[in-house]
Amino acid sequence: SFVTLDRTWKDGDTVAFTLPMGFRLTHYTGIERVAGREQYAIEYGPILLALVGNEPGVIDEKGNTAFGVSPGDIAQRLKPKPGAPLHFTIDGAPRHEYIPYWQLGDQLFTCYPVLSA
């Protein structure tokens with residue numbers, strides 16, 4: 001959503017707002033679901049996070065991965081990565097991390113990983 005600020009601006013005027021910054025899961029119900037598996041996007045406040053990793057075979061050619069983690073537990077397993085704002089490591093999955101979607105390069109990623117094996 002948005003808000004319109006209709007006013008005459010003067011030097012020194014500022015706009016400040018606060019965004020709620022917590023983890024939120026969105027259940028994936030799209031056409032490319034993995035049969036029999038649950039997939040969820042993870043957002044941190046308004047930021048869509050992408051799962052990246054470098055362990056062969058864990059993320060397949062369609063970008064699917066499974067950690068054996070229930071959707072209710074994933075938020076507790078995400079830890080801020082020191083020196084990398086908005087990057088999160090995953091307890092129990094050291095070769096993967098969540099990063100902001102807009103920071104993706106050419107690495108393999110998914111925004112809807114399988115969270116329960």
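Colleague: In what order do the elements of the chain run from the N terminus on?
Modeller: The order is β-β-β-α-β-β-β-β, with 1 helix and 7 strands in the chain. Helices (H or I, at least four residues) and strands (E, at least two) are DSSP runs numbered from the N terminus.

Colleague: What kind of model is this, and how are residues numbered?
Modeller: This is a predicted model, in which local features need pLDDT of at least 70, side-chain atom pairs count only at pLDDT 80 or more, and totals for chains, interfaces and linings use all residues. Residues are numbered from 1 along each chain as its sequence is written, and side-chain values use heavy atoms, with hydrogens and water left out.

Colleague: What is the mean pLDDT of the chain?
Modeller: The mean is 83, and 85% of the residues reach 70 or more; pLDDT is the predictor's confidence in each residue, from 0 to 100.

Colleague: Which residues have the most contacts inside the largest nonpolar core?
Modeller: They are Ile42, Leu49, Ile74, Leu78, Phe88, Ile90 and Tyr98, in a core of 14 residues. Strands β2 (40-44), β3 (47-53) and β5 (88-90) each supply at least two residues of this core. A second, separate core of 5 residues includes Ala50, Val52, Leu104 and Cys111. A nonpolar core is a set of buried Ala, Val, Leu, Ile, Met, Phe, Trp, Tyr and Cys residues joined through side-chain atoms within 4.5 Å. Buried means under 20% relative accessible area, exposed over 50%, and partly exposed in between (1.4 Å probe, protein chains only).

Colleague: And which residues is Leu49 in contact with?
Modeller: Leaving aside neighbours within four places in sequence, Leu49 contacts Phe23, Ile42, Tyr44, Leu86, Phe88, Tyr98, Ile99, Pro100, Tyr101 and Cys111. Contact means heavy atoms within 4.5 Å.

Colleague: Changing topic: where does Met21 lie?
Modeller: Met21 lies in the segment before β1 (23-27).

Colleague: Why does Met21 count as partly exposed?
Modeller: Met21 counts as partly exposed because its relative accessibility is 40%.

Colleague: What does Met21 touch?
Modeller: Not counting residues up to four places away in sequence, Met21 touches Tyr44, Gly45, Pro46 and Ile47. The C-alpha atoms of Met21 and Tyr44 are separated by 5.8 Å, although the two residues are 23 residues apart along the chain.

Colleague: Is Phe17 buried or exposed?
Modeller: Phe17 is exposed, because its relative accessible area is 63%. Phe17 is also found in the segment before β1.
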